[in-house]
Amino acid sequence: TFGQGRDSVILSWYLRKRGEVISLERSRPLYEVGKEGLAALSGQDGEMTEALRRIQLLHADFRGFLETAAPNSFDVIYFDPMFRYPVKRKENNMEGFRSAAVYDPLTEDVLQFAMRAARKKVIVKERPFSALFRTGLFTEIHGKRGQTTAYGVIKL
């Protein structure tokens, strides 16, 4: 999900013109804010501005999008769902943002749809204690003791 767009921007900047980032956001308010931000934001760093412009933001939910995606249509599918147990809730002060977010659960069947649509990997950013990481689907879990997030990788 697009959310504030941080991960999408970093991925787009990293890929440059070697690939594209398609981001989904189901929340209408967050989609509208994100769409405006991608179109209007610019900075002194031309590469970062280009990275913003390369992101294709769709108003869609990941389940519906992946159910209809053609097999092997993406190299990598990356999930950054809204955490049900927020990281540093008081320090991050994101209650307004969180109230507009959609909390669709990332489930094993959604991961199966993603595995069909991806050619190389499915990556999930989640809390380290997430039950999702215990499904047996993940080939790698990257996280260190004390970190608030971990990354599960399904290599295809």
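**Briefing: cores, ring pairs and salt bridges**

Y14 sits in helix α1, residues 6-15. Helices (H or I, at least four residues) and strands (E, at least two) are DSSP runs, numbered from the N terminus. The model is predicted: local features need pLDDT of at least 70, side-chain atom pairs count only at pLDDT 80 or more, and totals for chains, interfaces and linings use all residues. Residues are numbered from 1 along each chain as its sequence is written, and side-chain values use heavy atoms, leaving out hydrogens and water.

**Surface**
- Y14 counts as exposed, at 52% relative accessibility. The classes are buried (under 20% relative accessible area), exposed (over 50%) and partly exposed (in between), with a 1.4 Å probe and protein chains only.
- W13, Y14 and M48 make up a nonpolar surface patch with about 300 Å² of accessible area together. Such a patch joins nonpolar side chains (Val, Leu, Ile, Met, Phe, Trp, Tyr) within 5 Å, from residues with over 30% relative accessible area and no salt bridge.

**Nonpolar cores**
- The largest nonpolar core has 20 residues; F79, L106, L111, V124 and F138 touch the most other members. A core is a set of buried Ala, Val, Leu, Ile, Met, Phe, Trp, Tyr and Cys residues joined through side-chain atoms within 4.5 Å.
- At least two residues of this core come from each of α4 (62-68), β3 (74-79), α7 (108-117), β4 (118-126) and β6 (150-155).
- Helix α7 gives the largest share of this core, four residues.
- Another core, of eight residues, lies apart from it and includes V9, V21, Y31 and L57.

**Aromatic pairs**
- The whole structure holds three aromatic pairs. Rings of Phe, Tyr and Trp (its six-membered ring) pair if their centres lie within 6.5 Å; planes under 30 degrees apart are stacked, over 60 edge-to-face, the rest tilted.
- F62 and F79 are edge-to-face, because their ring centres are 5.6 Å apart and their planes stand at 85 degrees.
- This pair ties together helix α4 and strand β3, since F62 and F79 are 17 residues apart in sequence.
- Both F62 and F79 are buried.
- F65 and F74 form a tilted pair, at 5.9 Å centre to centre and 45 degrees between planes.

**Salt bridges**
- There are 10 salt bridges, each a side-chain nitrogen of Lys or Arg within 4 Å of a carboxyl oxygen of Asp or Glu.
- R63 meets D109 at 2.7 Å, N to O. This pair links helix α4 to helix α7, 46 residues apart.
- R63 also meets E67, at 3.8 Å.
- D7, D80 and K125 are linked in a salt-bridge network.

Note on methods. Patches are made of residues with over 30% relative accessible area and no salt bridge: like charges are joined within 9 Å, nonpolar side chains (Val, Leu, Ile, Met, Phe, Trp, Tyr) within 5 Å. Accessible areas come from the Shrake-Rupley method with a 1.4 Å probe; for residues, only the protein chains shown count as cover.
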